[in-house]
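I opened the model to look up a few local features. My notes follow in the order I took them.

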Amino acid sequence: MTEYVTHAEADTEAAGAALGSGLKVGQVVLLSGPLGAGKTAFARGLARGLGCDLEAVSSPTFTIVQEYAGPIPLQHVDLYR
């Protein structure tokens, strides 16, 4: 398990991008945190690191699953329910 501690949204996105650039197909990343903790900012960075379209990245709160196309596709899932 890797732990990242960030103090700004840009740092959170950068941590996601760093992790995403090293991920392989089939690997899973789980994020846990309260509302406003930066999970979507991290997912936006993860999408950048994976080469996905950043314009589409948003919280999946209402859709439950957001899928982002790229060289390594990303499925952003809200498991709150």
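**Strand pairing**

I began at Glu67, whose bridge partner in β2 is Gln75. The model is a predicted one, so I read every value below as computed from that prediction.

I then looked up the strands around that pair. Strand β1 covers residues 65–68, and strand β2 covers residues 74–77. The two run antiparallel and are joined by four bridges. Five residues lie between β1 and β2, and the strands form a hairpin.

**Faces of β1**

Which residues of β1 are on the covered face, and which on the uncovered one? I found Gln66 and Tyr68 on the covered face, with Val65 and Glu67 on the uncovered face. In a regular strand, side chains alternate between the two faces of the sheet.

Gln66 counts as buried because its relative accessibility is 17%, and the cut-off for buried is under 20%. Leaving out residues up to four places away in sequence, I list its contacts as Ser58, Ser59, Pro60, Leu74, Gln75 and His76. Gln75, one of these contacts of Gln66, is also the bridge partner of Glu67.

**Salt bridges**

How many salt bridges does the structure hold? I count two.

In one of them, the side chains of Glu9 and Arg44 meet at 2.7 Å, N to O. Glu9 is in helix α1 and Arg44 in helix α2, so this pair ties together parts that lie 35 residues apart in sequence.

Arg44 also forms a salt bridge with Glu13, with 2.9 Å between the closest N and O atoms. This pair likewise links distant parts of the chain, as Glu13 is in helix α1 and Arg44 in helix α2, 31 residues apart. I noted Glu13 and Arg44 as buried. Through shared partners, the salt bridges join Glu9, Glu13 and Arg44 into one network.

**Nonpolar surface patch**

Last, I looked for nonpolar side chains at the surface. Val28, Leu30, Ile64, Val65, Val77 and Leu79 make a nonpolar surface patch of about 590 Å². Val65, a member of this patch, is on the uncovered face of β1.

Where is Val28 placed? I found Val28 in the loop between α1 (9–20) and α2 (39–50). Is Val28 buried or exposed? Val28 counts as exposed because its relative accessibility is 67%, and the cut-off for exposed is over 50%.

Note on methods. Residues numbered from 1 in each chain as written. Predicted model: local features only at pLDDT ≥ 70, side-chain atom pairs only at ≥ 80, totals over all residues. Heavy atoms only, no water. Patch = residues over 30% accessible without salt bridge, like charges linked within 9 Å, V, L, I, M, F, W, Y side chains within 5 Å. Areas by Shrake-Rupley, 256 points an atom, 1.4 Å probe, with all protein chains shown as cover. Salt bridge = Lys/Arg side-chain N within 4 Å of Asp/Glu carboxyl O. Buried < 20%, exposed > 50% of the residue type's maximum accessible area, 1.4 Å probe, protein only. Pairing = 2+ DSSP bridges. Contact = heavy atoms within 4.5 Å.
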